[in-house]
Amino acid sequence: MAAPPHRPLLILLAGLLVVASVATLAEAIYEDQVGLADWHQKYIGKVKQAVYHSQKSGRRRVVVLTEENVISSLDLRSGDIFWRHVIDKNDPLDQLSLSLGKYVLTLSSGGTILRAWNLPDGQMIWETNLQTSTASNPQLHVMSNNKVAKDNLVLVSAGRWIYAVSSIDGSISWEKEFSLDGIEIKQVLQSPENGIVYAVGIAGSSKLALYHLSAKTGEVLKDIQESFPGELSGEIVLGSDNVLVALNKARSSLFLIEFNSGRISYNKVHVSDLVQDLSGTFKLQSLSNGVIALQTPSTVSLLKLKNTDGLEVVQRFDQPAALSDALTIAEKDEAFAIVQHMGSQIEFVVKFTSDASSAMIREKVNIDQHRGNVEKVFLNSYIRTDKSHGFRALVVMEDHSLLLIQQGEVVWSREDGLASIVDVTTSELPVEKDGVSVADVEHNLFEWLKGHMLKLKGTLMLANADEVAAIQALRLKSSEKNKMTRDHNGFRKLLIVLTKAGKVIALHTGDGRIIWSNLLPSLRASRFGVMPSALRIYQWQVPHHSVMRENPSVLVVGKSGAESSAPGVFSILDSYSGEELNAMRLDHSVVQIIPLTLKDLSEQRLHLIVDSNSNAHLYPKSPDALDVFLHEMPNLYFYSVDILTNVIRGYSLQKSCNIEGDEYCFSTKELWSIIFPSDSERIAISETRKMNEVVHTQAKTIGDHDVMYKYLSKNLVFVATVSPKAAGDIGSALPEEASLVAYLIDAVTGRVLHRVTHHGAQGPVHAVLSENWVVYHYFNLRAHRFEMAVIEIYDQSRADNKDVMKLILGKHNLSAPITSYARPEVVVKSQSYFFTHSVKAMAVTQTAKGITSKQLLIGTISDQVLALDKRYLDPRRSANPTQQEKEEGIIPLTDSLPIIPQSFVTHSHQVEALRGIVSIPAKLESTTLVFTYGVDLFYTQLAPSRTYDSLTDEFSYALLLITIAVLVAAIIVTWIWSEKKELRDKWR
Amino acid sequence: MAASFAPHGHLLLLLVAVVLACLGTAAAAGSGEGYTIAGRIKIDGANAKGFGLPAKTSNTKVILNGGQRVTFARPDGYFAFHNVPAGTHLIEVSSIGYFFSPVRVDISARNPGYIQAALTETRRVLNELVLEPLKEEQYYEVREPFSVMSLLKSPMGLMVGFMVLMVFVMPKMMENIDPEEMKQAQEQMRNNPVSFSSLLARAQG
């Protein structure tokens, strides 16, 4: 009996629709999905030098050099980056200059590398290597008004060398090495007479040498030397055209040195005669035309030179202030700027050196409270429409942010503190309040359907260009992801980051915008120049049950100084507002911070701080925290890794402390130590499991229905050591003298569970430890390739449990107590694979319940993050897997790990100077949030086994609705048709 | 394999220049502290000659020994590392959009200036230090254009295809059946009619 002819057609149509909607579930992202779940932010870091490009037409730009070793060209109108290069940390940038109006010159690596970059697009034009003894303070001097063959010479002075380099092609036109013993060139000056260059150097500690050189050949025309009574500190500035000002070593007096036609004469001035109560260190800054600034951390004094007879104080600023360099304004006059901090405002003063006592411009600018003091100012002038001079300035603040000030207003600001993130934690957003209904978002059903129809068109590739643009805009706008409330899937969170400047910034995961920021007062530099350092950030209070109404808070730990014995600093901040709830100065140092899994009654997390005297201090200092802690204290063990002495030590805690009356202080007792022989092994890395990692299954079922129990111990520590000769860079050691030893150590007993030696291998080693496996990356010198090795560790003592008979008879050992003291019977499986790239950072995906399979997140040398399935790093991979193994999902063995371009989670972005990768579980089991930081920030959502528990954003609801409608229509039509046929049959 | 035996002194500068002139030859020059590794990066489709870098890759970095030193490629693709000690070194190229194999570079200490280079991925020995990407990297999934064939190849498509086949082939098969048997079957059908509507009715009931 033939089926009704219409039915299959309808089914065909419905089938087509369903298939079309299913096809969109794919692993990698499409190009038009960029920016949907991810964001990328570019930063440059704290600016230390800036050069304006003064061009009559075109876009105005400023080229900056930063402490993150970045050279960048910024748009002066908006602060956007035109181009940027992140130079390696081993190649520190010292000086920056412009030449011929189109080249940016940078001097790096102590004056040994000179590079020229094309100003418009940032392409490197040339690079010249200079042979110098690496000097502490190399100088770069671009010759002006040199009309020789349209070329401009660049003078580089470093140590005892001076080089003259052509700025067109980087060729060295002359070089000069000074033979005077211990000489260091401090200043290179261009004399007013054309063709002569002065070089000022200090030999030994008290001898000053002045050379007259020919600018064309570098030939020494004149050589004058003079010895000084007492020692010179090496700090020397040019006071006016022919007067140098030098500081003596005791920093008590200044020498005013005049050099005139081959003669040097000097005069001594005591600093205390000029400026009283001068405390701490100070530095000299020349502002030309005889004006010199004397800067201490808290004051600035302007001094005016009276020929060589002496100095007089013109003005003194008692607030912390920053001073710009002198800027030449048309008629041989020079201007400079002083920016002072006054409460919530900064005062921007521009003065002329010819009349330093009065101000040319005095403006007050309102500034965000959380930016701290002004650290640096770079002045620039422009011609107003009425032909007068206008001034603008780039201001670098204490929190490393960069502002452009013009006409009493902040034109733009860049939050460049985010280029130097120290640590990251997350916080949940507030729960959605009653009264705000989700339905409001989907306010208009028609609009909603229209949007989905558009998406449907896009899916079926029927949309035209305009519609595609509309779809993209619709997706990016999606207000859902940027809301300030907690969402059902746990995608919306706050990323709370701690920066090097001591600023805490909260970023929204939806679009990366800053929710709040707070420059912590306890981590700011003091008046005496002591620099505190930010260490870590932890979750302090995560309210759940009884204290649900309270806001969560985070703990910031810092040190009030650089040395390890400096006392610690605590600061507790509200996660929603950024307000500082509590700040403490600790009376002990911070060597190790151990966040415990315990909580007190108000759900504050317990933290143990170990100081330099090996005492442990408990925080928070509340009685119920102490109760909770004392109850668990006998079970607490910790370990420390001392890389300097090559020792790992394990400790337990004891209820007594040398400090009387402090019941929150505990002494530690060393239980075990592993001393590595320092002549053959050096600790390269130690790695442990993440505290918050969740493991779902304790066992692994293998192909032949056998069960392997994972050895899941929270106390597992991975340590890798390398032979001392192989501790350096690649290329420094021979395969025979290099070896790498990997250890798996139990941190409670100090027992070495597994030890494996890789001969001919060397660091740098990167490792990640998760569940019962560790993956580490190292360099194989024999194959001359990078390798990644995996060790999986299984518990053999529980292997008998799988016997069902024993289970029935009660002879199994499931009920046997599991103790950390017992010697575990472990079985280890390992394997190693080649990996193409160098690695900068490694992490593993974390999900809420640990069910989803794991992916390794590998930060490669090209600053990208690769997601590599853990299945590729399975030690049980074999060349010809059996049928059973294939069913289990074992991939056939290959000698190297695949790099699939689509699995770069950063897709076409680069996270410049990548330093860390953090994986944060979302509430949705399939998804993890990945935050990557370096100079740039990158955030994305990742589903290691695809989103099996939710429909993707791509899912077309319109298609589903149409399918259903068509099916219903088909049923009705066929029913009617069938009824008719039946009736006809009955009449027959 | 280009080898330049460089004596000390000023002659050597000349030699380096000569070696560089022969199109990106692996060059090593002995000097007080070390040797110079000079080479060239070549990305196809960059310009007419095939040498140099496309405009979008202004951020091409050349990395020595996993980050010990980093340099940038010039617009014409040239790069150089100076003062490299003798030994076995590794050069990596980072350029977004391209996959470069790391290169093993051996600088011989015994015969100064002799250098040897090989790709570590394919073990191919390079006669001159010209680095080319092994492949272009496509970071995005390519959206397949809507095609009927891709739909038909999917399981749903196959199911539908089978049904269509049944619709058209079954009647043909029916024709071949013996007319008497056919009659019998039809009579059976009439006796206990099973129809779609009655099925629905039953389901409702």
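Confidence is highest in strand 63 of chain A (residues 928-933), at a mean of 94, whereas helix 1 of chain A (residues 6-22) has the lowest value, at 44. Over residues 1-26 of chain A the pLDDT is below 50, and this stretch has 51 contacts in the model beyond near neighbours in sequence. Residues 435-441 of chain A also have a pLDDT below 50, with two such contacts. Where pLDDT is low, the predicted coordinates should not be read in detail.

Five of its five residues are buried, so strand 45 of chain A is largely enclosed by the rest of the structure. The side from which N615(A), H617(A) and Y619(A) point is opposite to that of A616(A) and L618(A), and all are buried. Strand 45 of chain A pairs with strand 44 of chain A (residues 605-610) in the antiparallel sense, over four bridges. In this pairing, I609(A) stands opposite H617(A). Four residues lie between the two strands of this hairpin, and S614(A) takes a positive phi near 60° there. Strand 45 of chain A is also paired with strand 48 of chain A (residues 665-675), again antiparallel, over three bridges. Here H617(A) stands opposite C665(A).

Attention now turns to chain B. This chain has five helices and 11 strands, and buried residues make up 31% of its 205 residues. Of the contacts in chain B between residues at least 6 apart in sequence, 49% join residues at least 24 apart. Six strands of chain B form an open sheet with antiparallel pairing, in the order 3-2-5-7-8-9. Strand 3 (69-72) and strand 9 (125-126) of chain B stand at the edges with a single partner strand each, so one side of each has no neighbour in the sheet. Within the sheet, strand 2 of chain B (residues 61-64) pairs with strand 5 of chain B (residues 87-94) over four bridges, in the antiparallel sense. V62(B) stands opposite V93(B) in strand 5 of chain B.

Conventions:
Residues are numbered from 1 along each chain as its sequence is written. Chains are lettered from A and ligands numbered from 1 in the order in which they are written. This is a predicted model: local features need pLDDT of at least 70, side-chain atom pairs count only at pLDDT 80 or more; totals for chains, interfaces and linings use all residues. Two strands pair if DSSP finds at least two bridges between them. pLDDT is the predictor's confidence in each residue, from 0 to 100. Two residues are in contact if their C-beta atoms, placed from the backbone, lie within 7 Å. A residue is buried if 20 or more other C-beta atoms lie within 10 Å of its own, exposed if 12 or fewer, and partly exposed in between; C-beta atoms are placed from the backbone.
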